[in-house]
Amino acid sequence: MLRVDDLDKYYGDRQILDSVNLEVRKGETVAIVGSSGSGKSTLLRCMGLLEPFDGGSVSLRGSVIAKGSESRRHERKADARRRTSFGFVFQNFNLINNRTALENVMEGPVIVKGMTEDAARKRAVEVLERVGVGHRVNASVPEMSGGEQQRVAIARSLAMSPQCLLLDEPTSALDPELVGEVLDVVSELAREGVTMAIVTHEMGFAYGAADRLVFLKEGRVWEEGAAQQTLRTPRTPELATFLRRFHYSSMPVQDGAGLARAQDGRATPPDGVDRPAARSGTSPLGEVGVSDLCLVPTTEGSTRD
Ligand SMILES: Nc1ncnc2c1ncn2[C@@H]1O[C@H](COP(=O)(O)OP(=O)(O)OP(=O)(O)O)[C@@H](O)[C@H]1O
Ligand SMILES: [Mg+2]
């Protein structure tokens with residue numbers, strides 16, 4: 001579906017992304033993790049054509065939609081058109097403050113897609129209900145909680161029927177008690193087969209909801225693989241070290257999006273395959289069964305290298 005080949009990105013003389021290869025297959029959820037400054041947001045922005053890049057290419061459904069050299073020449077018009085293939089969800093919601101939830105969601109379909117007001121309203125109500133804020137359609141942005149605002153932002157992306165949803169730390173600006181409701185919505189979308197790449201520090205979510213995990217370090221794909229296996233038994237010491245910065249605490253199932261899947265069995269590792277490394281003590285997950293747990297960032301220290 002979405003492919004990034006040998007993508008290079010510089011800011012000035014500094015190389016930010018170094019020959020990044022990444023694929024998001026149709027219906028797949030790819031979690032992108034890594035320390036602060038490793039290039040996660042830059043990669044997501046380049047993938048979604050929000051940011052020009054210097055080398056390599058981005059392809060959608062088998063066709064190259066942006067090349068480094070061209071993208072440097074800022075083929076902005078073409079990029080703007082192709083960008084509508086993507087839905088973006090950012091940390092800070094980016095809603096229009098003095099409008100209602102409904103108006104925020106209707107705007108794209110009316111202005112960009114040329115939908116009639118009636119059709120756009122119907123679509124907006126549909127997607128707002130899908131993310132559980134159907135009762136807030138007429139609330140203005142300041143009247144909504146952060147969790148509601150972020151769910152409206154997700155609805156706004158979905159209203160445009162994107163081929164791929166790109167989410168950059170959608171829960172990191174939320175109060176801790178609101179994180180779960182947003183992750184639940186994202187997990188539900190993952191289950192429904194929405195194609196997604198998501199930058200996240202929520203390792204429990206990555207474990208439970210992502211199909212694949214990509215670990216970026218110093219602008220390179222350092223390690224990637226099936227999400228659960230990669231989190232349980234990282235191959236590189238760098239990923240193991242990164243994961244050690246998260247501590248693992250039990251959380252009620254309803255609070256940890258991915259854990260709902262763990263409980264209904266889909267995220268539980270099959271018998272016999274489960275956590276040999278944890279038993280031997282080499283896993284950063286230690287002795288604790290990860291499928292029972294949610295991983296949350298430690299409060300002490302930062303995730304910066
Ligand atoms: N517009 C810019 N101009 C110059 N340097 C930039 C710009 N945007 C990002 N950078 C640099 O590129 C590097 C990667 O930044 P990026 O925001 O992609 O990291 P990140 O992995 O998303 O980090 P975080 O977890 O803190 O969000 C950083 O060193 C950052 O300072
Ligand atoms: Mg970032």
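## Around ligand 1

Helix α1 (residues 40-47) supplies the largest share of the shell around ligand 1, with 3 residues. Helices here are DSSP runs of H or I with at least four residues, strands are E runs of at least two, and both are numbered from the N terminus. The whole shell reads Tyr11, Ile16, Gly34, Ser36, Gly37, Ser38, Gly39, Lys40, Ser41 and Thr42, where belonging means a C-beta atom, placed from the backbone, within 6 Å of the ligand. By type that's 2 nonpolar, 7 polar and 1 charged; Gly counts as polar in this scheme.

Some housekeeping: this is a predicted model, with local features needing pLDDT of at least 70 and side-chain atom pairs counting only at pLDDT 80 or more, while totals for chains, interfaces and linings use all residues. Residues are numbered from 1 along each chain as its sequence is written, and chains are lettered from A and ligands numbered from 1 in the order in which they are written.

## The open sheet

One open sheet has 4 strands in the order β2-β1-β4-β5, paired antiparallel. Pairing takes at least two DSSP bridges between two strands. The edges go to β2 (14-24) and β5 (63-67), each with a single partner strand, so one side of each has no neighbour in the sheet. Neighbouring strands are turned by 25° against each other on average, direction ignored, using axes fitted to C-alpha atoms and angles that run from 0 to 180 degrees between N-to-C directions.

Inside the sheet, β1 (residues 2-11) and β4 (residues 55-60) share 5 antiparallel bridges, and Val4 sits opposite Val58 in β4.

All 6 of the 6 residues in β9 (residues 212-217) are buried, so the strand is largely enclosed by the rest of the structure. Buried means 20 or more other C-beta atoms within 10 Å of a residue's own; exposed is 12 or fewer, and partly exposed is in between. Both faces are covered, with Arg212, Val214 and Leu216 on one side and Leu213, Phe215 and Lys217 on the other.

Strand β3 (residues 29-34) runs parallel to β9 and is joined to it by 5 bridges, with Val30 partnering Arg212. On to β10 (residues 220-226): 6 bridges tie this strand to β9, antiparallel this time, and Val214 stands opposite Glu224. The two form a hairpin with 2 residues between them, and Glu218 in the turn has a positive phi of about 50°.
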